[in-house]
Amino acid sequence: MEQRSLFEDNAYAPLATRLRPDTLDGYFGQKQLLGEGKVLRRIIESDNIPSMIFWGPPGSGKTTLARIIAQQTHAQFIDFSAVTSGIKEIRGVMEKAENNRFLGQKTILFVDEIHRFNKAQQDAFLPFVEKGSIILIGATTENPSFEINSALLSRCRVFVLKLLSTEDITELLRRAVKFLNEGPGTGAGLSGAQSVEIEDRYLSMIAAFANGDARIALNTLEMVVTNAETGEDGKAVITDEIIGQSISRKFLLYDRMGEEHYNIISALHKSMRNSDAQASVYWLARMLEGGEDPLYVARRVVRFASEDIGMADSRALEIAVAAYQACHFIGMPECSVHLTHAVVYCALAPKSNALYTAYTAAAKDALETLAEPVPLQICNAPTKLMKELGYHKGYQYAHDTEEKITNMVCLPDALLGRVYYAPTDSGKEAKVKEWMAKIEEIRGKL
């Protein structure tokens with residue numbers, strides 16, 4: 001728990017912290033919320049702050065926005081971390097906020113990473129939010145619908161922050177370079193140089209590398225400047241080599257346990273279903289390069305092969321299973337090409353969901369007819385009593401017929417005539433459809 005002070009010493013803080021704006025005019029991005037006349041800007045400028053949740057990816061400006069509110073509000077502002085605080089700390093803050101309310105003072109409580117609080121901890125806020133003891137501002141990278149208690153969420157406005165554009169981040173980096181050159185005791189402090197001069201193309205490369213995250217962009221710029229050599233003119237010399245070393249690997253927004261995990265696997269599944277091989281390979285790469293377990297992806301592709309392709313091309317299942325085995329044998333990064341093989345094959349294969357719909361319909365009937373007996377003619381009769389009771393009576397052995405087909409009834413009486421699997425005209429399933437029609441024709445003549 002931290003109460004903000006106006007006299008904090010940021011001289012040794014990271015560049016991202018020192019450059020954090022304290023007014024809306026210095027804030028980059030989120031124009032859909034903070035542009036002139038937009039609702040969130042009006043709320044902040046009027047100091048009429050409601051309880052609200054800022055939901056957005058890392059580096060999109062959630063904490064910075066809370067700091068700006070802290071600077072502009074007349075309420076007491078308390079900074080609270082869900083990572084380091086528990087029920088005891090929550091109660092202490094609530095008691096202080098309750099005292100402030102009796103004195104006629106508002107208390108704004110900012111909870112960073114609010115999704116890390118469990119249900120009991122979130123419930124502790126609820127009565128104080130309801131009676132106005134605190135105005136709660138939560139920041140989260142996770143979908144509030146899943147991570148915030150519904151009772152608490154219903155009392156908060158949710159504002160969605162987006163990834164910053166490359167243009168916004170490039171402009172932010174320009175401001176950072178100006179700050180390093182003109183700020184008090186800053187420019188020379190990072191590299192020993194008297195000033196920093198960096199080409200726009202380098203700033204654009206850093207901005208693209210940051211992938212919408214302002215914090216990554218500023219940290220990368222700080223790394224570049226810190227490792228630069230000083231030229232004869234006293235300026236920091238930025239080279240291709242330094243840039244290359246600093247942005248050797250892009251940070252991907254991918255949380256293996258969070259919402260983005262499910263969004264991206266959904267994107268892969270739907271791209272394959274839409275026969276879009278290019279998008280399918282891209283989403284596959286997003287998962288694998290983000291650190292996803294290749295066996296998880298392989299299992300999903302195996303499921304897809306039967307759910308969305310099925311009898312239209314039964315080879316898809318064979319290839320998907322083979323890809324899973326390859327992933328199990330050799331792992332990443334080598335197995336990425338095997339997964340690509342399976343994903344592209346599935347994307348380009350003819351599609352049919354007839355097996356999926358067949359099982360779904362059969363499962364519904366199975367649950368509703370659990371007490372329906374098995375027809376006696378297809379029951380075994382291993383004992384004399386069972387034979388006397390008619391078990392196995394009337395059974396027709398298909399191999400005794402020329403066509404290997406009989407007209408024996410195999411469904412329970414209550415389900416006679418049910419059709420679960422209805423093949424389509426897609427791919428090889430068209431031949432399956434013809435063969436099933438031929439079977440029914442033969443049965444009709446017996």
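Reply: The model is predicted. The protein has an average pLDDT of 85, and 91% of the residues score at least 70.

Me: Where in the protein is the confidence lowest, and where is it highest?

Reply: The lowest confidence is in strand E1 (residues 2-3), with a mean of 44, and the highest is in H18, at 96. The pLDDT is below 50 over residues 1-9, a stretch that has 17 contacts in the model beyond near neighbours in sequence. Residues 185-189 also have a pLDDT below 50, and that stretch has nine such contacts.

Me: Why is cysteine 335 called buried?

Reply: A residue counts as buried when its relative accessible area is under 20%. Cysteine 335 has a relative accessible area of 0%, and is therefore buried.

Me: Where is cysteine 335 placed, and which residues is it in contact with, leaving aside its neighbours within four places in sequence?

Reply: Cysteine 335 is in the loop between helix H17 (315-330) and helix H18 (336-348). Leaving aside those neighbours, cysteine 335 is in contact with Pro294, Ala326, Cys327 and Ile330. Proline 294 is 41 residues away along the chain, yet the two C-alpha atoms are separated by 7.8 Å.

Me: What makes H16 and H17 roughly antiparallel?

Reply: Two packed helices are described by the angle between their axes and the distance between the axes. The axes of helix H16 (residues 294-309) and H17 cross at roughly 175° and come within 9 Å. Angles over 145 degrees count as roughly antiparallel, and H16 and H17 are therefore described in this way.

Me: Which residues make the contact between H16 and H17, and how many are there of each class?

Reply: On the H16 side the residues include Pro294, Leu295, Ala298, Val301 and Val302, and on the H17 side they include Ala316, Leu317, Ala320, Val321 and Tyr324. By class, the contact has 13 nonpolar, two polar and one charged residues. Arg299 of H16 is among the residues that make the contact, and arginine counts as charged.

Me: How many residues does the largest nonpolar core have, and which have the most contacts inside it?

Reply: The largest nonpolar core has 32 residues, and those with the most contacts inside it are Leu173, Ile198, Ile206, Leu218 and Leu221. Helices that each supply at least two residues of this core include helix H9 (166-182), helix H11 (200-210) and helix H12 (214-226). H12 gives the most, with seven residues. A second, separate core of 28 residues includes Met272, Ala305, Leu339 and Cys346.

Me: How do you know whether arginine 41 is buried or exposed?

Reply: The relative accessible area of arginine 41 is 7%. The limit for a buried residue is under 20%, so arginine 41 is buried. Arginine 41 lies in helix H3 (residues 39-45), and beyond four places in sequence it touches Leu24, Asp25, Leu33, Leu34, Gly35 and Glu36.

Me: What makes lysine 404 partly exposed?

Reply: Lysine 404 has 47% relative accessibility. Exposed would require over 50%, so lysine 404 counts as partly exposed. Lysine 404 lies in the loop between H20 and H21, and has a positive phi of about 65° although it is not a glycine.

Technical notes
Residues numbered from 1 in each chain as written. Predicted model: local features only at pLDDT ≥ 70, side-chain atom pairs only at ≥ 80, totals over all residues. Heavy atoms only, no water. Helix = DSSP H or I, 4+ residues; strand = E, 2+ residues; numbered from the N terminus. Buried < 20%, exposed > 50% of the residue type's maximum accessible area, 1.4 Å probe, protein only. Contact = heavy atoms within 4.5 Å. Axes fitted to C-alpha atoms, helices over the stretch in contact; angles between N-to-C directions. Parallel < 35°, antiparallel > 145°, perpendicular 65-115°, else oblique. Core = buried A, V, L, I, M, F, W, Y, C linked by side-chain atoms within 4.5 Å. pLDDT = per-residue confidence, 0-100.
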